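Trainee: Could we go through the sheet in this model together? I would like to understand how its parts are arranged.

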Amino acid sequence: MTSMAGDNKQRWAPLAVDYGAYEPLMAGSIDGTDTLPHDHGVVRAMQVKYRPSKQVQGDPKKTLFVARLSHNTTEEQLKEHFAIYGKIERCRLIRDIVTGRSKGYAFVEFKHRRDADTAIQRAHKALINDVQILVEHECERTLPGWTPRRFGGGFGGKKESGQLRFGGRDRPFRKPIMLNSRPLGRGREERERRQH
């Protein structure tokens with residue numbers, strides 16, 4: 001993948017999937033143009049050689065990542081909510097290995113890809129147990145270079161920690177500011193100001 005920072009002729013897109021691969025440095029930048037990492041999580045994500053688990057079953061193109069779930073949400077409630085979009089093949093609510101408590105996210109696999117496409121459009125920001133959910137395509141097996149949040153990557157993060165990630169549906173890239181026909185990234189804009 002060619003990042004926006006390296007090629008000012010590259011077309012801009014709000015989502016990382018539109019670039020065909022996941023690049024941690026790009027995901028750590030509000031407009032995808034940073035040339036230097038701004039937090040240790042991005043550095044860690046750039047250094048890790050993550051490989052998806054071979055134990056994960058199912059078709060990744062029919063699988064949705066569902067996040068921001070209430071810790072009280074059950075697999076049955078997820079199946080009930082997503083069944084209105086089509087036949088569900090598999091539903092995996094991710095749980096803590098020690099406590100068995102929900103980690104607040106799940107993967108829902110549909111029998112048909114068109115049903116997954118419909119669900120991603122209609123279920124995003126829906127309410128389950130009075131909590132607004134986030135629905136994305138599964139990235140682990142479909143987006144080359146993917147690095148999950150636990151290794152400093154992903155599309156999530158909290159503003160308070162200073163480790164936000166961009167390029168997902170919930171926090172897309174912002175269009176870069178163009179100055180002298182070059183996209184400006186973090187740090188570069190300040191250097192340009194000092195020179196003038």
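**The sheet and its helices**

Mentor: Let us begin with β3, which is mostly covered, as 7 of its 9 residues are buried. Please keep in mind that this is a predicted model.

Trainee: In what order do the strands of the open sheet come?

Mentor: The order is β2-β3-β1-β6, with 4 strands and antiparallel pairing. At the edges are β2 (88–95) and β6 (134–137), each of which pairs on one side only.

Trainee: By how many degrees are neighbouring strands turned against each other?

Mentor: The average is 20°, with direction ignored.

Trainee: And how many bridges join β2 to β3?

Mentor: There are 6 bridges between β2 and β3, the latter spanning residues 102–110, and the two strands run antiparallel. Arg95 has Ser102 in β3 as its bridge partner, while Cys91 stands opposite Val108.

Trainee: What lies between β2 and β3 in the hairpin?

Mentor: The hairpin has 6 residues between the two strands, and Gly100 in the turn has a positive phi of about 80°.

Trainee: Which residue of β3 is the bridge partner of Leu64?

Mentor: That is Val108. β1 and β3 are joined by 5 bridges and run antiparallel.

Trainee: Turning to the helices, which strands does α3 touch?

Mentor: Helix α3 (residues 75–82) packs on the sheet and touches β1 (63–67), β2, β3 and β6. The direction of α3 makes about 140° with that of β2.

Trainee: Which strands does α4 lie across?

Mentor: Helix α4, residues 113–122, lies across β1, β3 and β6, and runs at about 145° to β6.

Methods:
Residues numbered from 1 in each chain as written. Predicted model: local features only at pLDDT ≥ 70, side-chain atom pairs only at ≥ 80, totals over all residues. Heavy atoms only, no water. Pairing = 2+ DSSP bridges. Axes fitted to C-alpha atoms, helices over the stretch in contact; angles between N-to-C directions. Contact = heavy atoms within 4.5 Å. Buried < 20%, exposed > 50% of the residue type's maximum accessible area, 1.4 Å probe, protein only.
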